[in-house]
Amino acid sequence: MYAVIMAGGSGTRFWPVSRQPCPKQLLQIGGTQTLLQAATARLENLVPPADTLIITHQNLVETVRQLLPDYPQPSILGEPCRRNTAPCIALAAALLLQRDAEATMLVMPADHLIDSRDTFQLAVQQAEQWVQQDADRLVTFGIKPSYPAESFGYIQSGNTINQPSESPILQAAGFEVKQFCEKPPPEVAAAYLDQGGYFWNSGIFLWQAQTILAAIEHRNPNLVQRVMRIAEAYSHETFEDVWATEYESIKGQSIDYAVMEDYNKVVVMEAPFQWNDVGSWQALEKVYPQDENNNTIIGKHISIQSGNNIIWTSDDHLVATVGMRNCIIVHTTDATLVANKDDEEAVRNVVALIQSQGWDHLL
């Protein structure tokens with residue numbers, strides 16, 4: 001088994017803490033490790049560093065290498081530009097197939113929190129067994145929804161799949177996928193929960209490299225042609241130039257749109273582990289404890305008649321709130337965010353507005 005960790009995101013919904021030089025996956029959230037370090041720790045004794053590809057942005061390569069000194073230099077690659085998950089996965093598959101024609105790939109984002117490494121690894125091994133049972137399968141890990149979230153895509157499950165003939169590694173339920181569903185409005189998300197049989201799409205996958213590359217090529221041959229040119233140049237001096245030229249010409253596309261939504265052998269596992277994609281400031285409420293007024297506080301804070309807030313500051317900068325409710329307040333050395341929780345998605349619009357003002361030093 002090989003692993004691919006996608007670590008190239010910009011984490012705009014975590015502005016102003018997440019910035020281009022230090023995006024969300026390089027932040028310490030919920031522990032003493034960065035999210036990326038926690039992702040690599042999740043692979044210990046399952047996939048060695050030499051069999052792992054970490055694909056980040058080219059401006060972050062040196063930072064990632066310093067964070068992960070045990071990873072050999074070829075394991076850390078820097079995209080010249082962001083093109084979403086399908087090109088990233090296609091390139092990783094092409095590179096792994098150069099090493100191993102029967103490579104199985106575990107693909108996971110760098111910025112998730114998962115509670116149990118042991119349970120996660122057992123789930124991955126069970127998914128690997130399903131793929132060994134049928135090499136055409138694409139396995140995704142679904143999260144049983146706990147509330148009607150609008151910020152996640154959903155997966156509707158179908159028939160239960162047959163377990164392998166040998167003893168299952170983990171008694172995790174597996175289902176055929178009926179359909180992938182877009183991020184829904186509140187009333188639709190609530191209906192999904194009432195109906196049952198829906199999972200949040202975690203963005204964690206397992207499949208054979210040749211299967212996913214063929215599936216992408218069937219739907220987007222131009223993408224794979226360009227990726228193959230990059231892979232062929234991998235061991236040559238021209239690699240960085242070829243990657244920059246070919247990758248820039250690829251139209252960005254998510255793997256869900258590129259393949260998963262119309263592929264007829266997708267299997268979803270009901271993930272047996274606790275998962276948090278740390279996708280926005282409100283995710284911190286599930287990571288950190290709350291005070292008696294339901295405030296989530298990171299840093300120095302005092303409160304008068306304030307509740308249900310998320311406060312992020314430092315230990316040497318006091319944030320005092322008076323009569324504040326249902327707010328997100330984030331202080332950094334050069335920028336402060338104050339937002340209503342109900343408008344949290346608009347943080348991305350703040351980043352776009354800053355960019356339009358030419359204040360790149362704040363991005």
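Start by selecting helix α3 (residues 85-99) and helix α6 (residues 209-219), which pack at an angle of about 135° with their axes 9 Å apart. That angle makes α3 oblique to α6. (Angles under 35 degrees count as roughly parallel, over 145 as roughly antiparallel, 65 to 115 as roughly perpendicular and the rest as oblique.) Axes are lines fitted to C-alpha atoms, for helices over the stretch in contact, and angles run from 0 to 180 degrees between N-to-C directions. Helices (H or I, at least four residues) and strands (E, at least two) are DSSP runs, numbered from the N terminus.

This is a predicted model, in which local features need pLDDT of at least 70 and side-chain atom pairs count only at pLDDT 80 or more, while totals for chains, interfaces and linings use all residues. Residues are numbered from 1 along each chain as its sequence is written, and side-chain values use heavy atoms, with hydrogens and water left out.

**Stay on α3 and α6**

Show the side chains. From α3, pick Ala86, Ile89, Ala90, Ala93, Ala94 and Leu97; they meet Ala209, Gln210, Ile212, Leu213 and Ile216 of α6. Contact means heavy atoms within 4.5 Å. By class, the contact of α3 with α6 has ten nonpolar residues, one polar and no charged. (Ala, Val, Leu, Ile, Met, Phe, Trp, Tyr, Cys and Pro count as nonpolar, Asp, Glu, Lys and Arg as charged, and the others, Gly among them, as polar.)

Eleven of the residues in the contact of α3 with α7 are nonpolar, one is polar and one is charged.

**Move to α8**

Now pair helix α7 (residues 221-232) with helix α8 (residues 239-248); the axes come within 8 Å and cross at roughly 170°. The two helices α7 and α8 are therefore roughly antiparallel. On α7, highlight Arg226, Arg229 and Ile230; on α8, highlight Phe239, Val242, Trp243, Glu246 and Tyr247. This contact of α7 with α8 holds five nonpolar, no polar and three charged residues.

**Into the core**

Which residues have the most contacts inside the largest nonpolar core? Select Met105, Trp207, Ile212, Ile255, Val259 and Met260; the core has 50 residues. Its largest share, ten residues, comes from α3. A nonpolar core is a set of buried Ala, Val, Leu, Ile, Met, Phe, Trp, Tyr and Cys residues joined through side-chain atoms within 4.5 Å. Buried means under 20% relative accessible area, exposed over 50%, partly exposed in between (1.4 Å probe, protein chains only).

Centre on tryptophan 207. Beyond its neighbours within four places in sequence, its contacts include Ile89, Met105, Arg137, Ile212 and Met260.

**Two last stops**

Go to tyrosine 263, in the loop between α9 (255-258) and β10 (266-270). Tyrosine 263 is buried, at 16% relative accessible area. Leaving aside neighbours within four places in sequence, tyrosine 263 is in contact with Asp136, Leu138, Thr211, Ala215 and Arg219.

Finish at isoleucine 328, in strand β16 (residues 327-331). Is isoleucine 328 buried or exposed? Isoleucine 328 is buried, at 1% relative accessibility. Not counting residues up to four places away in sequence, isoleucine 328 touches Trp281, Ile310, Leu337, Val338, Ala339, Lys341 and Glu344.
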